[in-house]
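Good morning, and thank you for making time for this item.

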Amino acid sequence: MPPHIVLVHCHDLGKYVGCYGAAVDTPRIDALAADGVRFDRHFVTAPQCSPSRSSLMTGRHPHQNGMLGLAHGNWEVGPHERFLPELLGEAGYETHRFGLQHVTEFPERLGYDRTHNEESLTSETPTSVHEGARARTVADDVAEWLEAGDRDDPFFASVGFFELHRIAVDGGFSFDGERYDAPDPDAVETLEFLPDRSGIRSDIAGMDGMVSAIDDGVGTIVDALENEGLAEDTLLLFTTEHGLAMPRAKGTCFDAGIEAALLMAQPGTIASGRVVDDLVSNVDVFATLLDIADAPVPGVDTDGDDIAGQSFAPQLFDGGNSGGANGAAGKDAYKPRDRVFSGMTWHDRYNPIRAIRTDRWKYIRNFWHLPAVYMTTDVFCSAAGRELHEEYYGRQRPYEELYDLEADPLERENLAAGDDPDDPATETVRDELRTDLLEWMDATADPLLEGPVLPNNWETVHPRLEDDRDDIRR
């Protein structure tokens with residue numbers, strides 16, 4: 001029998017946990033990493049919630065599956081897309097959802113057999129409903145369900161935590177420091193990609209308090225699986241949908257915006273303490289889980305290119321035996337990526353960007369007149385965001401950006417600035433990556449190649465005169 005699968009996911013975390021080198025105390029998450037596999041270069045398809053989550057659930061990029069903006073912003077995954085729980089259900093899994101999902105305003109589309117939530121984000125409910133999915137509460141619900149034994153085998157459980165999302169406070173947004181035991185801002189370590197300023201420190205402190213709740217939630221689920229004798233039969237994953245809700249992270253295609261934790265463990269099956277340095281995209285997580293479950297992966301290109309995700313199951317299991325029909329082909333069947341793609345179209349503002357990242361290089365193409373660094377509203381209207389308003393919004397962003405990630409890991413020096421870079425070799429890299437990105441956009445039918453993507457309420461934004469307008473004018 002294929003393993004049970006428990007997918008734990010949270011908001012806005014990036015790689016801000018101890019096992020990735022962050023200066024924050026996360027003993028239970030670190031222990032999970034030590035007991036399994038840590039992916040050090042896992043990137044998401046979009047630096048924002050719903051589009052990235054749609055990729056995890058469909059194995060396709062947001063511009064392919066239709067999720068070009070936020071679910072509560074009236075964007076919706078296309079009617080012909082297939083979702084992970086639906087496909088796992090067809091493969092014999094009983095599927096369960098705990099906590100948030102934020103992929104669609106119509107949760108029944110996802111295909112879960114059971115939803116263990118009192119409320120869910122729908123077209124009639126406010127986004128504040130997500131705040132009820134606090135990590136400690138949701139994890140306790142999972143533990144009670146496991147203890148009750150009210151399930152069939154095999155099972156898939158999606159467990160969504162609200163943290164590390166900001167909340168609305170006094171007309172702005174902050175991390176929920178009053179609810180959590182946040183440290184003194186003077187005691188925190190700053191983020192290497194941001195300056196050391198008081199507003200940024202205060203937000204980091206609030207962030208640290210909320211991370212502790214995520215860590216506790218993970219620990220509760222690990223303990224429950226062990227107590228019920230399910231740990232060795234369960235593949236446990238922990239991940240998030242994009243980078244930190246901080247300036248120069250969420251809402252950008254810098255690494256800080258598209259990087260995400262990805263840990264996977266199954267005692268006795270997956271070797272402990274492994275670190276994988278391959279480039280991995282969250283569309284690949286979708287393909288990998290279906291592979292492990294012996295379920296077909298819809299839409300995977302036969303040539304294994306970047307049109308759809310690819311399974312990295314052979315990287316997980318000793319000898320390449322994933323337990324799944326596809327993964328059992330062995331490690332020789334697995335070809336690591338040499339590039340990942342990401343992008344953004346709509347959030348609370350139009351921010352059309354696409355990016356390609358290789359081992360060494362990052363090329364970003366900006367398709368509109370944009371500020372130097374875009375900040376989502378929850379970041380812009382925060383203590384950290386206010387520290388950087390003038391610096392980030394007082395300048396125009398260039399249409400092309402190129403970064404040498406070996407020499408400049410914080411992506412500070414844009415080597416594509418100007419029409420003619422100083423170094424001919426750099427110009428060659430820029431041109432090659434530009435071509436690669438545009439060819440990928442063409443192969444995946446990216447609507448940005450056809451011109452600006454209109455907001456989905458265009459008729460409201462841009463009213464038109466009636467058909468008898470000529471008579472009115474006369």
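Residues are numbered from 1 along each chain as its sequence is written. The model is predicted, with local features requiring pLDDT of at least 70 and side-chain atom pairs pLDDT 80 or more, while totals for chains, interfaces and linings use all residues, and side-chain values use heavy atoms, without hydrogens and water.

I begin with confidence. pLDDT is the predictor's confidence in each residue, from 0 to 100. Its mean over the protein chain is 90, and 89% of the residues reach 70 or more. Residues 300-307 are one of them, with twelve contacts beyond four places in sequence, a contact being heavy atoms within 4.5 Å. Residues 319-332 are also under 50, and there the model has 30 such contacts beyond four places in sequence. Where pLDDT is low, the predicted coordinates should not be read in detail.

Now the sheets. Two strands are taken as paired if DSSP finds at least two bridges between them. An open sheet of eight strands runs in the order β5-β4-β6-β1-β9-β10-β2-β11, with mixed pairing. Strands β5 (114-115) and β11 (274-276) are at its edges with a single partner strand each, so one side of each has no neighbour in the sheet. Within this sheet, β2 (residues 37-39) and β10 (residues 262-265) are antiparallel over two bridges, and V37 has M264 as its bridge partner in β10.

Which strands does helix α1 touch? Helix α1 (residues 27-35) packs on the sheet against β2, β9 (234-240) and β10, and its direction makes about 60 degrees with that of β10. Helix α6 (residues 198-227) also packs on the sheet, touching β1 (4-10), β6 (155-160) and β9, with an angle of about 175 degrees to the direction of β9. For these angles, axes are lines fitted to C-alpha atoms, for helices over the stretch in contact, and values run from 0 to 180 degrees between N-to-C directions.

An open sheet of four strands, β13-β14-β15-β16, has antiparallel pairing. Its edge strands, β13 (339-346) and β16 (400-404), each pair on one side only, and the twist averages 10 degrees from one strand to the next. β13 is joined to β14 (residues 350-358) by seven bridges, with W346 opposite Y350 in β14.

Next, the backbone. Most residues other than glycine have a negative phi, and most peptide bonds are trans. D153 and P154 are joined by a cis peptide bond with omega about -15 degrees; P154 lies in the loop between α5 (135-148) and β6. E163 and L164 are likewise joined by a cis bond, with omega about 25 degrees, and L164 is in the loop between β6 and β7 (167-169). D12, a residue other than glycine, has a positive phi near 55 degrees and sits in the loop between β1 and α1.

Last, the pocket. A pocket is an open set of points on a 1 Å grid over the protein atoms alone, where a 1.4 Å probe fits, with protein on both sides within 12 Å along at least five of seven lines; lining residues have an atom within 4 Å of a point. The largest pocket is lined by 31 residues, of which K15, Y20, E192, F193 and E259 lie nearest its centre.
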